[in-house]
Amino acid sequence: MATDKDLDFRHALTADGQPLCARMISATLDLIANKWAVPIILTLARARAASADQPLRFSELSRAIPLITQKELTKQLRALEAAGLVGRRVHAAVPPKVEYWLTDLGLSLRPVLDELGKWAAKNGPSLRQSRDSTRQEAAE
């Protein structure tokens, strides 16, 4: 029988027995679990894979993610830059030229996002089915 300590998230371990820090996972998810952070990270990762020395200009990022507003793109880039996931360089020019790239830290998220994508592809239909049946039961 499980004890309270066994169930306490502060004592959780990974599959290989290492401490699992739920607070750090939550903080990371707070940063990337929004509508736009993952598309921005994946776009910058794709650009970095194509040419490691070629950052993307703001306008290129904006075109690559067509549904995002300039205000939201700016907000997300600032948050990702503050976390160290995205680098930013401003060139003194008229109009201003601002370039962005994925840092090594940001690139280290790619395998995690790839695995999350695989999990979502595999389990998405089951999640949708469960959600739909729960909604249907609630409506009855």
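The following paragraphs lead through a predicted model of one protein chain, from its overall form to single residues.

Residues are numbered from 1 along the chain as its sequence is written, and side-chain values use heavy atoms, with hydrogens and water left out. Because the model is predicted, local features need pLDDT of at least 70 and side-chain atom pairs count only at pLDDT 80 or more, whereas totals for chains, interfaces and linings use all residues.

The chain holds seven helices and three strands; these are DSSP runs numbered from the N terminus, helices being H or I of at least four residues and strands E of at least two. From the N terminus on, the order of the elements is α-α-α-β-α-α-β-β-α-α. The radius of gyration is 19 Å, well over the 14 Å that the globule rule gives for 140 residues, so the chain is more spread out than a compact globule. That radius is taken over C-alpha atoms, and the globule rule is 2.2 Å times the number of residues to the power 0.38. Along its principal axes, the C-alpha trace spans about 65 × 45 × 25 Å.

Of the 140 residues, 24% are buried; buried means under 20% relative accessible area, exposed over 50%, and partly exposed in between (1.4 Å probe, protein chains only). The largest nonpolar core has 23 residues, of which Ile40, Leu44, Leu61, Leu77 and Tyr100 touch the most other members. Such a core is a set of buried Ala, Val, Leu, Ile, Met, Phe, Trp, Tyr and Cys residues joined through side-chain atoms within 4.5 Å. Two or more residues of this core come from each of α3 (37-50), α4 (58-64), α5 (70-82) and β3, and α3 gives the most, with six. Leaving aside neighbours within four places in sequence, Leu77 is in contact (heavy atoms within 4.5 Å) with Ile40, Phe58, Leu61, Val86 and Tyr100.

Helix α2 (residues 22-32) includes Leu31, which counts as partly exposed at 22% relative accessibility. Beyond residues up to four places away in sequence, Leu31 touches Ala37, Ala79, Leu80, Ala83 and Leu85. Leu29 also lies in helix α2 and is partly exposed, with a relative accessible area of 42%.

Charged side chains form six salt bridges in the structure, each a side-chain nitrogen of Lys or Arg within 4 Å of a carboxyl oxygen of Asp or Glu. One of them joins Arg48 and Asp104 at 2.5 Å, N to O. Arg48 lies in helix α3 and Asp104 in helix α6 (residues 104-107), so the pair ties together parts that are 56 residues apart in sequence. Arg48 is partly exposed at 24%, whereas Asp104 is exposed at 58%.

Another salt bridge joins Arg89 and Glu99 at 3.3 Å, N to O. Arg89 lies in strand β2 and Glu99 in strand β3, so this pair ties together parts that are 10 residues apart in sequence.

The loop between β2 (86-91) and β3 (97-102) contains Pro95. A cis peptide bond joins Val94 and Pro95, with omega about -5°. Most peptide bonds are trans.
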